[in-house]
Amino acid sequence: MLLKTIQMKFINNKIVLTFFLLLFSGGITIAQEIIKESVDTINKVAPYKKQKIDGVIAKVGDYIVLDSDIDKSYLEISSSGGSIKDITRCQILGKILEDKLYAHQAIQDSLKVTDSEVKSMMDERLNYMVEQIGSMDKVVKYYKKNSEEEFRTYFFDVLKEQKLTSEMQKKIIDGVEITPEEVRDFFKKIPAADLPVFGAEMEVAQIIVTPKVSEAEKQKVIDKLNEFKKEIQEGGSSFATKAVLYSQDPGSRTTGGYYKMNRKTPFVKEFKDVAFSLAEGEISAPFETDFGYHIIYIEKIKGQDVELRHILLIPSVTPEDLKEAKEKISLIRKRIIDKEITFAEAARTMSDEKETKANGGALINPKTQDTRFELTKMDPALYSQVSNLKDNEISLPLLDDDQNGKKKFKLITVTNRIDAHTANYAKDYIKIKDLALKEKQIKAIGKWFDEKIQQTYIKIIGEYRDCTFTNNWLKK
C-alpha cells in the first residue's frame, strides 16, 4: 500500500511539473473555471475517444472540473514529450481535484493573492510566450480564444487559481520541521536491502578573475546612453524602440525594455534605488550595476507598483583587458602550484567571485544547497571542465562567460570525490534529512487532504465515481 501511495504521489508530482513547465513555456493550459449559474456545454473531440458532449464531471467547493480538462491534460503531457501510456483519466482527475481543493481552501483561509501580483505574473509569462511564438495574435490563436481581451481574462483566472494553489501548498509544508532524532528514526526504519544508493559525487572549488573594463570603454557606454536620453527627450525616438534596437538585456529587449516592479521585486539594489527615486515620465541619468550601465524611463506609477522601461549597455572588454586578466590568474595558479599559498587561501584573497570566495572557492550545488555534485546530474559545461582533473589538480586558466554574458577567467579544482555508495547516516546526513523531511511533508499534506475533503462540498459525477483515487474524494 505504501509503495502504491508513493507511486501515485510520483505520478502526481510529474503531472504538476509538466503543467508548470508548459504554462511557463507557452503550452496549452488546463481550463480552470468558477461555477456560474449555468454551464454551457459544447461539442469537443476528446483525444483517444469518439466525439462527445463536454460537461461538468466534478465540483470542489465553488470550482468545477470539465471533462475536457482531462483531455487538455493529456495534450499537455504529450506535447511536452511525456508518456501518457501509464496515466489514467482517474489519476489526472485526482490531480485536478487536488488543485481545486488547494485553491478553494486558500480562499477560505483568506490567503492573499492580489490582482497586481497576478497581473505581474501574467505580463512576465505573456512576454515569454510572445517571444517564443512570435506575436500576441499567435498566442491568442494558439489558445483558441476569439480576442486578446478574452484570452487575458481567461489567463488571469488560470494564474490566480494557480497562485492560490501554490500559496496553500506552501502554507501546509512551511510549518513542517524535522529534528535530528526524527531523521535518525527515519533512517533506522529503512530495511538494509532498501537503503538508497547515491551516485558518484565530487566537490569543486574555483577562483575567478574578471577582466577590468577600461575607463574609456565605460565612458563610451555612458555617452551612448546620454545620447539615447537626449534623442528621446527631443522626440526623435521612443524609449521602447531604442530598447528593442540596442538594449543588451535579453529578458526585456523584445518588449521594449519593459518591467513592472515594486520594492519586494528581486532586482539589484542599485536598480531599485534609481527606479523609486524617479517621477512618472522621467528618464534617469546613466548608472551602473553588476550587469552594466542602464537608463530607466518611468512609464506609470500605480500605488506601490512601478511600470518602467530600461536600456542596458555592457562595456566591451578589450583584448588588452583580457590579456591582463589571464596574466593575473596564471600568476595565481603558479603561486598555488609552487605551494606559496593554498587554493582556498588564494580564493579568499584574490578571487573576484563574491559568492564563493568566503568559502575558499567551494561551489554550492544550486539544486541541493550543499557542496556535492552528483556526476550524472552535473551541469554538462562544469562536468567537461572537471571530468579529467585528478584530485587537487588545478586546471589551466579557462575563459568563460558568466550568467550576465561577461567574460571571466577561472581556475577550477576537484577538492573531494565520493564514490557511488549505499546511504550512510554519518556521511549522507543532509540527503537523508531531506528524504525524511519530504516524507513528513507528504504525511502532513495527506492529513490536510483527509481533513479538508470531509469539510468541503465535493461531488463527482457519472463514470468517474468508479475511479479509485489516492484521496477519499468520494467520501466512502
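View 1. Cys467 is buried, its relative accessible area being 6%, where buried means under 20% relative accessible area, exposed over 50% and partly exposed in between (1.4 Å probe, protein chains only). This is a predicted model, in which local features need pLDDT of at least 70 and side-chain atom pairs count only at pLDDT 80 or more, while totals for chains, interfaces and linings use all residues. Residues are numbered from 1 along each chain as its sequence is written, and side-chain values use heavy atoms, with hydrogens and water left out. Cys467 forms a disulfide with Cys90, the sulfur atoms lying 1.9 Å apart; a disulfide is taken here as a pair of cysteine sulfur atoms within 2.5 Å, and by this rule the count comes to 1 disulfide. Because Cys90 lies in helix H3 (residues 89–108) and Cys467 in the segment after strand S16 (458–460), the pair ties together parts that are 377 residues apart in sequence. Helices (H or I, at least four residues) and strands (E, at least two) are DSSP runs, numbered from the N terminus. The link of Cys90 and Cys467 is left-handed, with -70° about the S-S bond, and Cys90, at 23% relative accessibility, counts as partly exposed.

**View 2. Aromatic pairs of Phe151 with Phe155 and of Tyr425 with Tyr429.** Rings of Phe, Tyr and Trp (its six-membered ring) pair if their centres lie within 6.5 Å, with planes under 30 degrees apart counted as stacked, over 60 as edge-to-face and the rest as tilted; by this rule the count comes to 13 aromatic pairs. Among them, Phe151 and Phe155 are stacked, at 5.2 Å centre to centre and 15° between the planes. Because these two residues are 4 residues apart in helix H6 (residues 148–174), Phe151 and Phe155 are separated by about one helical turn. Phe151 is buried at 0% relative accessible area, and Phe155 also counts as buried at 0%. The rings of Tyr425 and Tyr429 have their centres 5.6 Å apart and their planes at 85°, so this pair is edge-to-face. Tyr425 is partly exposed, with a relative accessible area of 22%, and Tyr429 is partly exposed at 26%.

**View 3. An aromatic cluster that includes Trp448.** Ring pairs link Tyr102, Trp448, Phe449 and Trp473 into a cluster.
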